[in-house]
Amino acid sequence: MTSQSFKHRIVRDLAWVIASPPLISGIKDNINWLDHKKCTEEFNACLKTLIELDKNPTPLIVHIDALKSKRLGYRFEAFISYWLQISPNFELLAQNIQIIENKSTLGEVDFIIKDKHTLKVIHLEVAVKFYLGTEPFEDSFRWFGTNTQDQLGRKQQHLTNHQTQLSLKHPELLKFDIDERYCLLKGRLFYPFGLNAPPKTVIDNHLRGRWIKQCDIQNKVSLRNKDLFQLTKHEWLSELYHQEINDKVALENVYEADRAQCCIAVDRDEAGFYKETERVFILPDSFRFPDFYHEG
């Protein structure tokens, strides 16, 4: 069974949050990054609960609907919170802890959890990101969000040099003694058509998509012969199923939109059912990547 096997989209999204490969893994800048093996182990450990949730997703729906903000980052953190509560391997001790010193907010700790096997207390920072790459592709600072101030390299630096350091520099402001610090960065990298060279810091089996300018779509047979459906941000995680695609309207203004659109390209199988084949960011012709890049 895979993370795409569940009939309820909200359960599929939770499974995706647990099981999908992270963008970065290993030890970088003296910080541990959760790897795909650990994510797969967690998915298998939570599988029984996920199957039960797919029969009755109400507890998960209530948990997600309680969010005050509908932004994707907060939604992702809520899925992480639910995962940590159903995991047989971790105990969720605290989350979203504001670090305040002399009435000044220094930052916020995402999660504090306990490994039930080692009994170690872990400070965990998480994020979900979707980046579009441009030359030189090996440089993580040349991978941008649609807000080009958001860069993969900058996000990695922020997690390692600021977020994870909050518990190290200000232990007296926490109720728990921290034994280890981890990061978890999930998401997808979008490559220009014909190129697939990842940045140096990213694992090989990360999730991929492609980006293209509006003016180039007709030149790509792989897109010209498929329907394109725009996704809302809440649909950026797991794959869509036939009925979910069938309920959407195929894009007719794909050449006219004045902002970046995250879309799916779909085929129909022999039975006439829609199947998502890839994720594509379609950029307006006016979109420009910044000229600056990070050396080294």
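Modeller: Here it is, and please keep in mind that this is a predicted model.

Biologist: How many residues of α1 are buried, then?

Modeller: Eleven of the eleven residues in α1, which spans residues 9–19, are buried.

Biologist: What does leucine 14 touch, leaving aside its neighbours within four places in sequence?

Modeller: With those neighbours set aside, leucine 14 is in contact with Leu50, Leu53, Leu60, Phe79, Tyr82, Trp83 and Ile86. Leu14 is also listed with Leu50, Leu60, Ile80 and Leu124 as the residues that touch the most other members of the largest nonpolar core, which holds 57 residues.

Biologist: And which helix gives the most to this core?

Modeller: That is helix α4, residues 72–86, which contributes nine residues. Another core lies apart from it, with 15 residues that include Leu23, Tyr131, Tyr191 and Val202.

Biologist: Let's stay with α4 for a moment; at what angle do α2 and α4 pack?

Modeller: The angle between α2 and α4 is about 100 degrees, and their axes are 10 Å apart, so the two helices are roughly perpendicular to each other. On the α2 side the residues are Glu42, Cys46, Thr49 and Leu53, and these meet Tyr82, Trp83 and Ile86 in α4.

Biologist: What about α3 and α4, how do their axes cross?

Modeller: The axes of α3, residues 58–65, and α4 come within 9 Å and cross at roughly 135 degrees, which makes α3 oblique to α4. The contact involves Pro59, Leu60, His63 and Ile64 from α3, together with Arg75, Ala78, Phe79, Ser81, Tyr82 and Gln85 from α4.

Biologist: Is that crossing left-handed or right-handed?

Modeller: α3 passes α4 in a right-handed crossing.

Biologist: Changing topic, how many disulfides does the search of the whole structure find?

Modeller: It finds zero disulfides. For cysteine 183, the closest cysteine sulfur is in cysteine 39 at 13 Å, which is too far for a bond, and cysteine 183 is itself buried, with a relative accessible area of 0%. Cysteine 215 is likewise in no disulfide, since the nearest cysteine sulfur, that of cysteine 263, is 15 Å away.

Biologist: Now the backbone: which peptide bond is cis?

Modeller: The peptide bond from glutamate 135 to proline 136 is cis, with omega near -10 degrees, and proline 136 sits in the loop between β5 and β6 (143–144).

Biologist: I also wanted to look at asparagine 96 and asparagine 102; where do they lie?

Modeller: Asparagine 96 lies in strand β3, residues 90–101, while asparagine 102 is in the loop between β3 and β4 (104–115). Neither is a glycine, yet asparagine 96 has a positive phi of about 50 degrees and asparagine 102 has one of about 55 degrees.

Biologist: Are those two buried or exposed?

Modeller: Asparagine 96 is partly exposed, with a relative accessible area of 32%, whereas asparagine 102 is exposed, at 73%.

Biologist: Last one: where is histidine 162 found?

Modeller: Histidine 162 is found in helix α5, residues 152–163, and is partly exposed, with a relative accessible area of 29%. Leaving aside neighbours within four places in sequence, histidine 162 is in contact with Leu106, Gly107 and Gln157.

How values were computed
Residues are numbered from 1 along each chain as its sequence is written. This is a predicted model: local features need pLDDT of at least 70, side-chain atom pairs count only at pLDDT 80 or more; totals for chains, interfaces and linings use all residues. Side-chain values use heavy atoms; hydrogens and water are left out. A nonpolar core is a set of buried Ala, Val, Leu, Ile, Met, Phe, Trp, Tyr and Cys residues joined through side-chain atoms within 4.5 Å. Buried means under 20% relative accessible area, exposed over 50%, partly exposed in between (1.4 Å probe, protein chains only). Helices (H or I, at least four residues) and strands (E, at least two) are DSSP runs, numbered from the N terminus. Contact means heavy atoms within 4.5 Å. A disulfide is a pair of cysteine sulfur atoms within 2.5 Å. Axes are lines fitted to C-alpha atoms, for helices over the stretch in contact, and angles run from 0 to 180 degrees between N-to-C directions. Angles under 35 degrees count as roughly parallel, over 145 as roughly antiparallel, 65 to 115 as roughly perpendicular and the rest as oblique. A crossing is left-handed if the near helix is turned anticlockwise from the far one by less than a right angle, and right-handed if clockwise.
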